[in-house]
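Open the model in your viewer and keep the selection panel at hand. This tour goes stop by stop.

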Amino acid sequence: MSELIPEFKHIYSLTPEWRQDFINYLGGTIVDEKMYFSEKWSRGSSFFLEILPDVSVIIIDTIVNRPILLTRMASDDDFWIVYYDLSDSFSKHIVEDVNHKIGYKSKLNFGIVDNKIGSSYLATVGERFYSLRLLIRKSYIKTFFTDAEFEKDFKDVFDDKKKKMFFYGHIDSRSKVILHSLKQNKIDDPNYEFILKGAAFTLLGYLIERLNSKMPSMVAHLEKDIEAVMLSQQHLLSNLLVPFPGIELLANNANMSSTKYRTLYNTIFGVSPALYFKNEKLLLAKELLESGDFKFVSDVAYELGYNKTAYFSSIYKDYFGVLPNTVLKEF
Amino acid sequence: MRTITYSYGAEFNLLEVLAPAMGGSIEGNFIKGNNELYEGTHFVMPFDNRVSALLVDATYKESALLEYRTGVDYFVGMYFHVIKEDINFIQKDESTLVGRQDYNLLIVDSLLDFDYVVDNGVNTYVVCIFIYKSALKEYMDKIPILKSLSKDVFNAKKNTIISMDRMSMDSSILINDFRKIPYDSPLFELYFKGLIYKLIGNYLEQLLTKKIIISKVMNDDVKSIIASKTKLLESVDGIFPGVDFLAKQACMSPSKYKKLFTKISGLSPGTFFYSNKLVLAKELLETGKYTVSEVSDKLNYANISYLAKRFNSKYGIFPKEYQSLL
């Protein structure tokens with residue numbers, strides 16, 4: 001699929017220069033902190049502010065008009081990118097060739113990625129895409145971790161040769177409330193700069209608190225372990241049409257014990273492998289139902305390896321709130 | 001009565017002025033003091049060269065007259081008061097009460113001298129924002145409906161700025177949330193910055209929507225509305241008593257009550273009540289002591305799903321989810 005979609009490669013930087021690439025490729029205009037996209041690709045705007053010498057914030061609020069793959073190239077600038085995604089639907093975030101669906105309804109709407117790892121973004125056409133990103137220089141984050149304990153947990157993360165920061169999860173409650181109220185404000189409001197600054201500082205505070213309390217265990221994993229889990233996850237995703245293979249097999253593939261695999265999987269994705277698998281299956285089911293290629297719900301259920309249509313219907317309804325039959329009729 | 005004079009102004013040298021005046025000691029951007037006059041903390045935060053902020057959290061041990069003298073004309077001070085008891089604000093021999101039931105947001109030109117009279121045992125919690133007039137004018141010029149005004153407003157010959165107002169509900173929620181952060185938190189500065197920007201943003205929004213208008217002299221009607229508002233807040237865990245009942249208590253007709261209430265708070269009595277209920281619900285959830293259904297019972301919601309629905313529409317997240325992701 002991605003071969004047909006035009007790809008736009010860009011970088012981020014802590015200073016506003018990165019925006020020129022966007023304008024050159026996508027068209028549009030830059031007015032002070034604001035950036036308006038051209039109708040050709042998307043309707044909407046973006047806002048960029050440097051709130052501290054080491055921290056910048058980006059807001060992107062747009063409706064994509066045609067599919068485009070945004071690829072952020074890895075660059076040597078030493079900062080983290082923290083994603084908060086409040087889009088109306090799913091966007092696909094691809095890091096090192098593994099898909100992560102992030103968006104409002106999905107579990108994974110929060111991410112921290114080292115600028116030295118590239119990633120791609122595929123937004124859904126026709127739906128509102130709303131995302132806030134914090135760019136934070138690593139040396140600045142370090143200033144908050146002086147205790148010996150954190151020194152121990154975090155040391156490797158700041159050492160590029162050993163590990164790079166890479167985390168996916170969910171937005172914590174307090175941040176979600178902040179983002180929700182920020183989302184009510186329009187970028188063109190004259191007081192937007194203040195509102196955004198206020199929100200960004202608060203989010204930064206919450207983030208550091210969160211890093212302090214919960215993250216150490218999360219990032220104290222070896223990169224090769226994380227890679228192995230990601231690989232097995234990819235394997236899982238490419239075999240959506242068969243029943244869940246079981247944790248033992250997956251753990252075996254990743255060369256670790258099932259307990260370790262499960263814990264690691266949970267910290268990376270925030271859900272258990274089985275649940276993630278089920279959710280992905282249901283998302284695929286939705287696509288299949290909407291594709292119009294199937295006449296009966298039972299066909300879809302069978303295609304996805306469910307023996308009982310009634311069971312499939314009931315878990316589908318639990319997840320989406322509508323019966324598959326209703327979806328089928330609509331299309 | 002003790003008289004303390006603050007002569008600040010040029011270069012926002014607040015630390016150097018406040019510490020000796022209060023007899024406190026400087027620790028970084030904090031001034032901490034505990035002497036025969038007061039016990040408390042001041043926090044000073046310069047933002048850029050045109051905006052600066054000060055937090056005052058002090059309990060006075062004797063009655064004091066605080067004199068504010070600047071002697072310069074290029075900035076405006078915004079003072080957000082969170083005070084239980086009333087204090088006297090004196091400007092040009094005119095005294096006004098400032099406090100929970102009166103004005104709590106003052107905007108004063110640096111050109112004007114003013115005094116506070118604080119009684120023994122009163123705790124004052126004030127967030128002050130000092131903005132250069134030139135900066136404020138720039139922002140106001142961006143707002144179409146204020147643009148025509150700003151020329152006269154900022155002309156020192158024609159006008160000195162003084163306004164007494166009530167802060168919006170959002171602002172007071174922001175300040176209350178902020179008060180939960182301990183002074184020794186390493187993130188105190190970040191959250192304080194966040195607070196200040198949000199307060200400025202909020203105030204500009206208040207100007208934009210112009211929902212809140214109070215004439216300069218507060219009459220008895222306005223006072224009784226504010227009193228009734230405070231009562232309403234105290235019984236926020238109960239059932240909404242209804243406008244008719246509230247109006248009767250305030251000795252007004254329901255329509256007048258509703259109209260005035262909306263004018264003062266920017267929200268109708270019902271909306272005001274239910275939003276505050278949700279704020280309380282959020283706070284209870286944050287304590288981690290209650291389940292969602294306990295909160296719903298405690299606050300007299302008919303059922304959990306209704307609470308969940310309202311909570312989600314206000315905060316964008318369901319209560320259960322909010323609690324589990326804390």
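Start with strand 3 (residues 30–34) and strand 4 (residues 38–46) of chain B: they run antiparallel, joined by five bridges. Keep in mind that this is a predicted model. Now pick B:Phe30; opposite this residue, in strand 4 of chain B, stands B:Phe43.

Eight strands of chain B form an open sheet in the order 2-3-4-5-12-7-10-13, with antiparallel pairing. Strand 2 (25–27) and strand 13 (162–165) of chain B are at the edges; each has a single partner strand, so one side of each lacks a neighbour in the sheet. From one strand to the next, the twist averages 15 degrees.

Next, select helix 2 (residues 133–141) of chain B. This helix lies across strand 5, strand 7 (75–82) and strand 12 (123–132) of chain B, at about 80 degrees to strand 12.

Move to helix 9 (residues 269–287) and helix 11 (residues 304–315) of chain B. They pack at about 95 degrees, with axes 10 Å apart. That makes the two helices roughly perpendicular. Show the side chains: B:Tyr274, B:Leu278, B:Ala281 and B:Lys282 of helix 9 meet residues of helix 11 including B:Leu307 and B:Phe311. The contact has six nonpolar, no polar and three charged residues.

Finish at chain A. There, 21 residues of chain B contact 19 residues of chain A. Helix 5 (residues 188–209) of chain B gives the most to chain B's side, with 10 residues. That side divides into 14 nonpolar, three polar and four charged residues.

Technical notes. Residues are numbered from 1 along each chain as its sequence is written. Chains are lettered from A and ligands numbered from 1 in the order in which they are written. This is a predicted model: local features need pLDDT of at least 70, side-chain atom pairs count only at pLDDT 80 or more; totals for chains, interfaces and linings use all residues. Axes are lines fitted to C-alpha atoms, for helices over the stretch in contact, and angles run from 0 to 180 degrees between N-to-C directions. Helices (H or I, at least four residues) and strands (E, at least two) are DSSP runs, numbered from the N terminus. Angles under 35 degrees count as roughly parallel, over 145 as roughly antiparallel, 65 to 115 as roughly perpendicular and the rest as oblique. Two residues are in contact if their C-beta atoms, placed from the backbone, lie within 7 Å. Ala, Val, Leu, Ile, Met, Phe, Trp, Tyr, Cys and Pro count as nonpolar, Asp, Glu, Lys and Arg as charged, and the others, Gly among them, as polar. Two strands pair if DSSP finds at least two bridges between them.
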